[in-house]
Amino acid sequence: MLKTLLHKCREALVSVLPVTLIVLCLYVTPFVTLTSLELGVFLLSSLFLVLGIGLFNLGADMAMTPMGVQVGAGLSKSRHVGVLLSVSFLLGVLITVAEPDLSVLAAQVSAVLNGTALIVTVGIGVGLFLVLAILRIVTKTGLSKILMIFYMMVFSLAALMLERGGGGFLALAFDSGGVTTGPITVPFIMALGAGIAVTLGGKDAGENSFGLVALCSIGPVLAVMLLGLFADGSVVYTLPDYSVESHLGASLFHTVLEVIREVGLALGLLVAFFAVMQVLFLRLPRRRLYRIGVGILYTFVGLVMFLSAVTVGFMPIGYRIGYDLAQSGNMLLVTMGFLLGLVVVLAEPAIHVLKRQVEDITNGTVSKNAMMLALSIGVGISIGLSMIRIIFDFSILYYLIPGYFLSLGLSFFVPRLYTAIAFDSGGVASGPLTSSFILPLAVGACVALQGVSAVMQNAFGIVAMVAMTPLITIQIMGFRAVMAGKVRDNIMMKQILGADDAQIIDFM
């Protein structure tokens with residue numbers, strides 16, 4: 001076990017090191033002014049981040065993924081579709097309501113929306129779309145058709161919101177899709193889809209294993225848009241205290257306790273749900289249950305360390321870097337945004353779960369390295385474009401509408417497996433490190449260039465951008481694979497047709 005943990009920590013170190021090195025390079029330049037205390041807290045947080053990701057990944061392998069696969073396969077084998085859909089809806093609501101990042105979203109709109117009502121509404125949205133995702137597997141319906149219908153609905157609602165003056169909710173609504181697919185939700189839902197697809201997915205089980213995260217990301221967007229249409233007033237944003245000092249001392253203890261409470265609630269609900277499934281359907285042997293229990297403990301400790309580290313060390317540094325870079329020049333801000341986007345996605349904990357599942361299900365056809373390259377380029381482009389939007393102050397719809405039309409258009413020209421992986425990757429890439437490091441980076445840049453009043457309009461929406469661009473880059477990777485295959489086939493056919501008769505051996 002120790003050897004496996006050390007391997008996971010080495011992988012995490014490779015993921016976190018690039019972000020840390022970029023911050024260290026900025027520290028020695030005149031563009032960013034970090035105090036020795038800020039740098040020290042950031043470096044210490046990086047160490048905790050490495051250990052947290054390592055423990056989380058080990059726990060996901062031991063508990064989260066097996067739990068999801070067993071629940072999906074166990075429910076599917078019962079052949080009671082009604083039971084499968086009812087349990088899936090309940091699961092979608094529970095894990096979303098308990099997702100720690102959703103509490104942050106609720107706090108941002110508490111001035112005009114009741115936080116509990118928002119959380120429950122978003123949870124119901126995820127539950128309904130999880131049911132829809134499972135129905136897609138059962139009926140073997142193509143993912144592209146469903147995505148096309150619901151994204152048309154999303155942009156229709158966006159146009160209606162703009163007409164009614166609810167534009168302040170737009171960026172927040174699109175961000176909510178990434179926020180609710182967090183580190184607890186993603187591994188379990190992806191494994192659940194794999195378990196159901198193995199039993200009910202037919203000959204396209206590999207393709208049908210993906211797509212659950214993609215559809216579950218749409219539900220929150222529609223839910224928040226509907227709330228925005230009926231809400232009175234506008235979202236009032238209050239700039240948090242991003243100083244490192246505010247997170248030390250008694251505040252550090254309070255932060256860790258809050259993280260423990262949120263992670264404990266989320267995992268507790270998931271464990272309770274699994275326990276009910278174990279009694280009713282699964283009846284796994286005690287040895288396997290013991291391994292799952294140890295994995296849950298690793299997941300809990302890893303997530304507490306990870307979320308505490310990004311809150312205490314990465315959030316203040318992200319804000320300071322964004323603020324200082326914005327004052328140092330627009331070109332520098334865009335360039336550094338792109339570079340940070342290239343590397344920050346490597347440290348998202350759920351990314352490691354995704355790339356393992358992709359490589360396993362596709363039998364290496366889609367490699368981990370190719371996935372990470374496509375994701376890194378996509379996220380880098382998204383943050384660079386977001387910095388441009390902050391500089392020139394325009395609506396996020398100028399990016400999202402053509403971006404989603406392009407990604408949906410590409411789905412007609414690439415293998416359906418690539419489309420399913422791409423749309424899942426968007427939800428996975430926009431994880432807690434994005435909301436706790438990249439979002440404060442955008443807030444700092446926006447405050448420096450446009451003022452606090454523009455934060456909701458211009459800084460928010462960056463999570464939505466991180467969720468969108470991988471849809472394009474991964475499908476382009478699939479399109480390239482298709483074209484390369486056709487070129488190889490053409491070359492081979494020309495060689496066969498152009499072969500000399502003397503080279504052909506007659507075995508008759």
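Q: In this predicted model, is Asp393 buried, partly exposed or exposed?
A: Asp393 lies in the loop between helix H15 (368-392) and helix H16 (397-410). Its relative accessibility is 42%. Buried means under 20% and exposed means over 50%, with partly exposed in between. At 42%, Asp393 therefore counts as partly exposed.

Q: What is the phi of Asp393?
A: Asp393 is not a glycine, yet its phi is positive. The value for Asp393 is about 60°.

Q: Where is Lys140 found, and what is its relative accessible area?
A: Lys140 is not a glycine and has a positive phi of about 55°. The residue sits in the loop between H5 and H6. Lys140 is partly exposed, because that class runs between 20% and 50% and its relative accessible area is 47%.

Q: How are H14 and H17 oriented to each other?
A: The axes of helix H14 (residues 349-361) and helix H17 (residues 416-429) come within 9 Å, and they cross at roughly 160°. Angles over 145 degrees count as roughly antiparallel. H14 is therefore, relative to H17, roughly antiparallel.

Q: Which residues of H17 meet H14, and how does the contact divide by class?
A: H14 passes H17 in a right-handed crossing. From H14 come Ala350, Ile351, Leu354 and Val358, and they meet Ile421, Ser425, Val428 and Ala429 in H17. The residues of this contact of H14 with H17 divide into seven nonpolar, one polar and no charged.

Q: Are H8 and H10 roughly parallel, roughly antiparallel, roughly perpendicular or oblique to each other?
A: Helix H8 (residues 185-200) packs against helix H10 (residues 212-230) at an angle of about 130°, with the axes 9 Å apart. An angle from 65 to 115 degrees would count as roughly perpendicular, and one over 145 as roughly antiparallel. H8 and H10 are therefore oblique.

Q: How many nonpolar residues are in the contact of H8 with H10?
A: In H8 the contact residues are Ile189, Met190, Leu192 and Gly193, and they meet Leu212, Val213 and Cys216 in H10. Gly counts as polar. The contact has no charged residues, one polar residue and, as the number asked for, six nonpolar.

Q: What is the handedness of the crossing of H1 and H12?
A: The axes of helix H1 (residues 2-27) and helix H12 (residues 286-328) come within 12 Å and cross at roughly 45°. H1 and H12 are therefore oblique to each other. Their crossing is left-handed.

Q: Which residues make the contact of H1 with H12?
A: By class, the contact of H1 with H12 has seven nonpolar, no polar and no charged residues. On the H1 side they are Val19, Val23 and Leu26, and on the H12 side Phe314, Ile317, Ile321 and Leu325.

Q: What kind of aromatic pair do Phe129 and Phe150 form?
A: The structure holds 12 aromatic pairs, and one of them joins Phe129 and Phe150 at 4.9 Å centre to centre, with 70° between the planes. Planes over 60 degrees apart count as edge-to-face. The pair of Phe129 and Phe150 is edge-to-face.

Q: How many residues apart are Phe129 and Phe150, and are they buried or exposed?
A: Phe129 is in helix H5 (residues 115-139) and Phe150 in helix H6 (residues 143-163), so the pair links distant parts of the chain, 21 residues apart. As for accessibility, both Phe129 and Phe150 are buried.

Q: Which residues form one aromatic cluster?
A: The cluster is built from Phe and Tyr residues. Its members are Tyr151, Phe155, Phe174, Tyr404, Phe405 and Phe423.

Technical notes: Residues numbered from 1 in each chain as written. Predicted model: local features only at pLDDT ≥ 70, side-chain atom pairs only at ≥ 80, totals over all residues. Heavy atoms only, no water. Axes fitted to C-alpha atoms, helices over the stretch in contact; angles between N-to-C directions. Helix = DSSP H or I, 4+ residues; strand = E, 2+ residues; numbered from the N terminus. Parallel < 35°, antiparallel > 145°, perpendicular 65-115°, else oblique. Left-handed = near helix turned anticlockwise from the far one by under 90°. Contact = heavy atoms within 4.5 Å. Phe/Tyr/Trp six-rings, centres within 6.5 Å; stacked < 30°, edge-to-face > 60°. Buried < 20%, exposed > 50% of the residue type's maximum accessible area, 1.4 Å probe, protein only.
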